[in-house]
Amino acid sequence: PELVGEKLETAHAYDAVNAILYGRWGICYTYGTWFAVEALVACGRDYDNSSALRKACKFLLSKQLPDGGWGESYLSCSNEVYTNLEGNRSNLVQTSWALLGLVAAGQVSESPTGEKVLLR
């Protein structure tokens, strides 16, 4: 796992700077970033020791919409640039993928009332 983690860190450093990973099976950058986060975490990386993981979290949080969700359009695939859904509306699927990535990266804390909140 350590060697794989080193290779992932190197391979994803470039992608993390630009827009993270391009997904081929799901709608695009949100999906690919979630998988990159899961892979890095599986190889022992965490927010503190992985610049790629920090960049992935920053990327996901930068795409969060005012209503708190995420909504990436299928046009991201053909445009090869992150594109919001028409009307900048959230979508359950992209919101789930983004949250799964952020949670896997450890970007969750408990509020004083005990409920979970995402860190920004």
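User: Where do Tyr31 and Trp34 sit in helix H2, and how many residues apart are they?

Analyst: In this predicted model, both belong to helix H2, which covers residues 28-42, and because they are three residues apart there, about one helical turn separates Tyr31 from Trp34. As a general point, an α-helix has 3.6 residues a turn, so residues three or four places apart point the same way.

User: How are the rings of Tyr31 and Trp34 arranged as an aromatic pair?

Analyst: The pair is edge-to-face, with 6.3 Å from centre to centre and 75 degrees between the planes of Tyr31 and Trp34.

User: And are those two buried or exposed?

Analyst: Tyr31 is buried, and Trp34 is buried as well.

User: Which residues make up the aromatic cluster with them?

Analyst: Tyr31 and Trp34 form one aromatic cluster together with Phe35 and Trp97.

User: What about Phe59 and Tyr82, how do their rings meet?

Analyst: The ring centres of Phe59 and Tyr82 lie 5.9 Å apart with the planes at 80 degrees, so this pair is edge-to-face. Phe59 belongs to helix H3 (residues 51-62), whereas Tyr82 is in the loop between helix H4 (75-79) and helix H5 (92-104), so the pair ties together parts that are 23 residues apart in sequence.

User: How buried are they, in terms of relative accessibility?

Analyst: Phe59 has a relative accessibility of 10% and counts as buried, and Tyr82 is buried too, with a relative accessible area of 14%.

User: Switching to H5: what does it span, and which of its residues are buried?

Analyst: H5 has 13 residues and reaches 18 Å from its first C-alpha to its last, which is close to the 18 Å expected at 1.5 Å a residue. The buried residues in H5 are Gln94, Thr95, Trp97, Ala98, Gly101 and Leu102.

User: Why would you say the buried residues of H5 line one face?

Analyst: Looking down the axis of H5, its buried residues fall within an arc of 165 degrees, and therefore they line one face of the helix.

User: What happens at the start of H5 and just after it?

Analyst: At the start of H5, a side-chain oxygen of Asn91 comes within 2.7 Å of the backbone nitrogen of Val93, while just after H5, Gly106 takes a positive phi of about 85 degrees.

User: Last one, where is Ser50, and what does its side chain contact?

Analyst: Ser50 is in the loop between H2 and H3, and a polar atom of its side chain lies 3.1 Å from the backbone nitrogen of Leu53. At 0% relative accessibility, Ser50 counts as buried.

Note on methods:
Residues numbered from 1 in each chain as written. Predicted model: local features only at pLDDT ≥ 70, side-chain atom pairs only at ≥ 80, totals over all residues. Heavy atoms only, no water. Phe/Tyr/Trp six-rings, centres within 6.5 Å; stacked < 30°, edge-to-face > 60°. Helix = DSSP H or I, 4+ residues; strand = E, 2+ residues; numbered from the N terminus. Buried < 20%, exposed > 50% of the residue type's maximum accessible area, 1.4 Å probe, protein only. Expected span 1.5 Å × (residues − 1). Arc of directions from axis to C-beta. Polar contact = N/O pair within 3.5 Å; in protein donor to acceptor, adjacent residues only side chain to side chain.
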